[in-house]
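Hi,

Here is the structure I promised to pass on.

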Amino acid sequence: MPLIDKFGRAITDLRISVTDRCNYKCVYCRTGNDGALYSDLPFSDYLRMCRVLVNLGITKIRITGGEPLLRRGVVDFVRELRKLVHAEALDIALTTNGHLLADLAQPLKDAELNRVTVSMDAVDPDRFARITRVPAGFDNVLSGIRAAREAGLWPLKVNCVLMRGFNHDQIVAFGKFAREEGVIVRFIEFMPLEEDRVWSPGIVVTLDEILQRMAEFKPLVEIPHARSETARRYRFVDGIGEIGIIAPVSHPFCGHCSRIRITSDGKIRTCLFSIWDHDLYGLMSRGASDEELEQFIRDVVHRKEERHHIGEPDFVPASRTMVHIGG
Ligand code: SAM
């Protein structure tokens, strides 16, 4: 029996955070300080969780963080994950800020990672530094993107969170970047999951605004997409370059959500905006069998939230911020 929640949504997609440490302090995610951390688990524990979940019908695993490439042994973890199931049955992806990717792209490909998504929020070095609060990261990230492309980690996506006042004027620059670098740029609407609690509806650059600005640069044609896909996809009318827009604020897609998350300290979260976690690791560390873990996961998934309430009067902030959940 696959994992199904009480609203009939099949859960096939797992995001697992392997650390909540990060070497960047992006303004839409973190404060400028280091802050407290949850503990990371040994990779063998994440592997067991993934094995149990794959047996329950998970077909996509995305490794994330914090910054997953800070974790020594992440390449071996990918190799072990791949041994669980052959490539056609399990899509393994990784989300990174790209800072350490140049040296790791080929080893990750050799370990049979399928795809990588790199976060990059400006295409000019000064603006990039202002957003990430890392003075000289831009060149590393660009080299990382190019190394991933050369290694064949494909399709290669570049995520950009737009914030009014920081990088809302980068839309066309990213359209050009997508065309020149042959990557899929995906704009993500800013969500209230940041440590600094600066979110307000006015800071969000919405799907409609992005489309309008991009179309002034060059007309776009929408690409049909699967209902479970979070991004709306567009190609430029001349066939060169693709962009996507993930619009959880202005166009929520909760009705088609197929995801759960595991935090770096082994808690299941059924929604980014959950106000509680479910302690899978606690159960494991008390000696639970695989069957007991399966039952626990089924029960937790059954109770998955129907939808988020961003921007509504009854909105309650999530119990963790993005860096400690794993985006
Ligand atoms: N360190 C990795 C990275 O930079 O991609 C992985 C973790 S990061 C939390 C995962 C994704 O979450 C990134 O693409 C980041 O841009 C996005 N993100 C973080 N905070 C966000 C927020 N408040 N709203 C929307 N997206 C956010």
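Below is what I found, taken one part at a time.

Before anything else, keep in mind that this is a predicted model.

**A strand in the middle of things**

Start with strand β6, residues 184-189. How many of its six residues are buried? The count is six of six, so to speak a strand that is mostly covered. In a regular strand the side chains alternate between the two faces of the sheet. You can follow that here: Ile184, Arg186 and Ile188 point one way from β6, while Val185, Phe187 and Glu189 point the other way, and all are buried.

Now look at what pairs with β6. Strand β5 (residues 157-162) runs parallel to β6, with six bridges between them.

**A helix with one buried face**

Next, go to helix α9, residues 290-302.

Which residues of α9 are buried? They are Leu293, Ile297, Val300 and Val301. Seen down the axis of α9, these buried residues fall within an arc of 95 degrees, so they line one face of the helix. The reason such a face can form is simple: an α-helix has 3.6 residues a turn, so residues three or four places apart point the same way. The buried residues of α9 pack against several elements, including α1 (43-55), β10 (259-262) and α8 (280-285).

**Some aromatic rings**

Finally, the structure holds nine aromatic pairs. One of them is Tyr24 with Phe128, an edge-to-face pair with 6.1 Å centre to centre and 80 degrees between the planes. Tyr24 sits in the loop between β1 (13-17) and α1, and Phe128 is in helix α4 (residues 125-132), so the pair ties together parts that are 104 residues apart in sequence. Both Tyr24 and Phe128 are buried. Ring pairs also bring in Phe138, linking Tyr24, Phe128 and Phe138 into a cluster.

Methods: Residues are numbered from 1 along each chain as its sequence is written. This is a predicted model: local features need pLDDT of at least 70, side-chain atom pairs count only at pLDDT 80 or more; totals for chains, interfaces and linings use all residues. Side-chain values use heavy atoms; hydrogens and water are left out. Helices (H or I, at least four residues) and strands (E, at least two) are DSSP runs, numbered from the N terminus. The expected span of a helix is 1.5 Å times one less than its number of residues. Buried means under 20% relative accessible area, exposed over 50%, partly exposed in between (1.4 Å probe, protein chains only). The arc is that of the directions from the helix axis to the C-beta atoms. Contact means heavy atoms within 4.5 Å. Two strands pair if DSSP finds at least two bridges between them. Rings of Phe, Tyr and Trp (its six-membered ring) pair if their centres lie within 6.5 Å; planes under 30 degrees apart count as stacked, over 60 as edge-to-face and the rest as tilted.
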